[in-house]
Amino acid sequence: MRTQVLIVGAGPSGLLLGQLLHKAGVANLILERQTGDYVLGRIRAGVLEQTCVDLLDEAGVGVRMHAEGLVHDGFELMFDGQRHRIDLKQLTGGKTVTVYGQTEVTHDLMDARAASGQQTLYSAADVELFGFDGDRPGARCTVDGERLEIHCDFIAGCDGYHGVSRASVPADAIQSYEKVYPFGWLGLLSDTPPVSHELIYGRHERGFTLCSMRSHTRSRYYLQVPLTEQVGDWSDERFWDELRLRVDARAAAALVTGPSLEKSIAPLRSFVAEPMRFGRLFLAGDAAHIVPPTGAKGLNLAASDVYYLWQALSEHYRERSEAGIEHYSARCLSRIWKAERFSWWFTTLMHNLSNEPAIDAKLHRSELDYLVSSDSAKATMAENYVGLPW
């Protein structure tokens, strides 16, 4: 088999890159180790920066997002039983974010790919990448019991933290940086109206909480829990009771409970692998970096990687220019490290850390006081939250 760009991974970053390349006239094929249903079943974040929204529009998949997505002008910080609003629109000169689930983004991209007739090979087993350090890259894999060999010009590794793409890079050619946090997020999804029309990020002596949503009728809540916790130990009733203890009185009174559609515990980590280009292999999204979800940066960072890679590959085929390819890694990493810093800072500020010295708790409380009382501090936070320019 032969294609111009082989994309490994059919998550939102791989699908978005494929759609943008298709619109640019660049042939591409996607390999995915899981089934399509499995990919669609993954529950992920859903806060999109304006630049991400614009890129989805550029890819031609924004119609349902604009019809069903929720545009948010701000969010609330909650501590000491009080809420403090961060007015994103006012503080950033009109920028907003859109709440639209990653599952829905993936669904829209899958539909667009199917309509365009582009090929995706699901349940691809034993994927092996080769030749990316030369001029004849490709991959071998098994699909439906048949061993295939695919040749291409470039490989885009969009296959996540545990994927084959980063693992194929020689150990001495890549540097990894990682911080694992000593807690996780217990998330619950339910068909209940959200407790608030905007997100609430809360710091409480019992642990962090996030009140979020996917629509006007579907809510997503998170609780900070120790990594030793098991999902099976948390009944719906126990989750709702704990959530009530951590939110303010107004939110507790407005909380509508119901049976969970999904519950899971996600560990938190900060991770960056650099560089992000190895000859004709490029890493994008979670294959190259992970952020704790506190700052809602994961999908948005992946989208910015895709933007730079789409631009680089389009320039290569359209103009025979290698400039975008040569600068891909540096351009991505400049934005990634800024987002990593913000996500680390926001996570540390809002969570209770194990064995935290008393002075650290006092300092965090003082920083929250400063944040909500200083227009400059709020503007800095809002600028980072809505996303820095690409």
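Two strands count as paired if DSSP finds at least two bridges between them. Helices (H or I, at least four residues) and strands (E, at least two) are DSSP runs, numbered from the N terminus. The model is predicted: local features need pLDDT of at least 70 and side-chain atom pairs count only at pLDDT 80 or more, while totals for chains, interfaces and linings use all residues. Residues are numbered from 1 along each chain as its sequence is written, and side-chain values use heavy atoms, with hydrogens and water left out.

**Stop 1: the hairpin.** Select residues 74–79 (E5) and 82–87 (E6). Six bridges pair these strands in the antiparallel sense. Find Phe79; its bridge partner in E6 is Gln82. Two residues separate the strands of this hairpin, and Asp80 in the turn has a positive phi of about 55 degrees.

**Stop 2: the open sheet.** Select E3, E7 and E4. The three strands form an open antiparallel sheet in the order E3-E7-E4. E3 (47–49) and E4 (70–72) are the edges; each has a single partner strand, so one side of each lacks a neighbour in the sheet. Now show E7, residues 97–99: three bridges join E7 to E3. Val47 stands opposite Val99.

**Stop 3: the cores.** A nonpolar core is a set of buried (under 20% relative accessible area, 1.4 Å probe, protein chains only) Ala, Val, Leu, Ile, Met, Phe, Trp, Tyr and Cys residues joined through side-chain atoms within 4.5 Å. The largest has 75 residues; Leu16, Leu17, Leu31 and Leu48 touch the most other members. Helix H10 (298–319) gives the largest share, ten residues. Finish at a second, separate core of 33 residues, including Phe75, Tyr201, Phe342 and Met381.

Methods: Buried < 20%, exposed > 50% of the residue type's maximum accessible area, 1.4 Å probe, protein only.
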